[in-house]
Amino acid sequence: MVVQIFDGGEKSRIAEAVLEKLPDWFGLAESTRQYISESAGMPFWAWRECVKKTRRKSL
């Protein structure tokens, strides 16, 4: 599900993880670092895997 991220550090970590996988789009290291840094103060949404835990009882 898509969730809004409020923590600046988490925003930066997510942005860095995504951008490092797209070197052809974000190939300038200085610009990429600036974008990651600035993402901490921006509105930010991310896909978060939602895992529903179930309990099974054996009889």
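Buried means under 20% relative accessible area, exposed means over 50%, and partly exposed covers what is in between, with a 1.4 Å probe and protein chains only. By that rule, 19% of the 59 residues of the protein chain count as buried. This is a predicted model, in which local features need pLDDT of at least 70 and side-chain atom pairs count only at pLDDT 80 or more, while totals for chains, interfaces and linings use all residues. Residues are numbered from 1 along each chain as its sequence is written, and side-chain values use heavy atoms, with hydrogens and water left out.

**View 1. The protein chain has 2 helices and 2 strands.** Read along the sequence, these elements follow the pattern β-α-α-β. Helices (H or I, at least four residues) and strands (E, at least two) are DSSP runs, numbered from the N terminus. A contact here means heavy atoms within 4.5 Å. Among the contacts in the protein chain with a separation of 6 or more, 76% are between residues 24 or more positions apart.

**View 2. Lysine 11 is buried and has no salt bridge.** Welcome to a residue worth a second look. Lysine 11 sits in helix H1, which covers residues 8–19. A salt bridge is a side-chain nitrogen of Lys or Arg within 4 Å of a carboxyl oxygen of Asp or Glu. Lys and Arg count as positive and Asp and Glu as negative, while His and the chain ends are not counted. For lysine 11, the nearest side chain of opposite charge is aspartate 7, 8.7 Å away. Leaving aside neighbours within four places in sequence, lysine 11 is in contact with Ile5, Phe6, Ser39, Ala40, Gly41, Met42 and Phe44.

**View 3. Aspartate 7 pairs with arginine 13 in a salt bridge.** The closest N and O atoms of this pair are 3.9 Å apart. Arginine 13 counts as exposed because its relative accessibility is 53%. Aspartate 7, at 42% relative accessibility, counts as partly exposed.

**View 4. Glutamate 10 and arginine 48 form a salt bridge, with their closest N and O atoms 2.4 Å apart.** The pair links distant parts of the chain, 38 residues apart: glutamate 10 is in helix H1, and arginine 48 is in the segment after strand S2 (45–47). Glutamate 10 is partly exposed, with a relative accessible area of 23%. Arginine 48 also counts as partly exposed, at 38% relative accessibility.

**View 5. In helix H2, the side chains of arginine 33 and glutamate 30 meet in a salt bridge.** The N to O distance is 2.9 Å. Arginine 33 and glutamate 30 are 3 residues apart in helix H2, so about one helical turn separates them. Glutamate 30 is exposed, with a relative accessible area of 52%.

**View 6. The largest pocket has a volume of about 180 Å³.** For anyone who likes to know how the grid was set up, a pocket is found on a 1 Å grid over the protein atoms alone, as an open set of points where a 1.4 Å probe fits, with protein on both sides within 12 Å along at least five of seven lines; lining residues have an atom within 4 Å of a point. Grid points are joined across faces, edges and corners, and the volume is the space filled by probe spheres set on the points. The lining consists of Ile14, Ala15, Val18, Leu19, Tyr35, Glu38, Ser39, Met42, Pro43 and Phe44. H1 and helix H2 (29–39) each supply at least two of the lining residues, and H1 gives the most, with 4. By class, the lining has 8 nonpolar, 1 polar and 1 charged residues. In this scheme Ala, Val, Leu, Ile, Met, Phe, Trp, Tyr, Cys and Pro count as nonpolar, Asp, Glu, Lys and Arg as charged, and the others, Gly among them, as polar.

**View 7. Threonine 32 lies in helix H2 and touches Leu19 and Phe26, not counting residues up to four places away in sequence.** Threonine 32 counts as buried because its relative accessibility is 12%. The C-alpha atoms of threonine 32 and glutamate 20, 12 residues apart along the chain, are separated by 8.8 Å.
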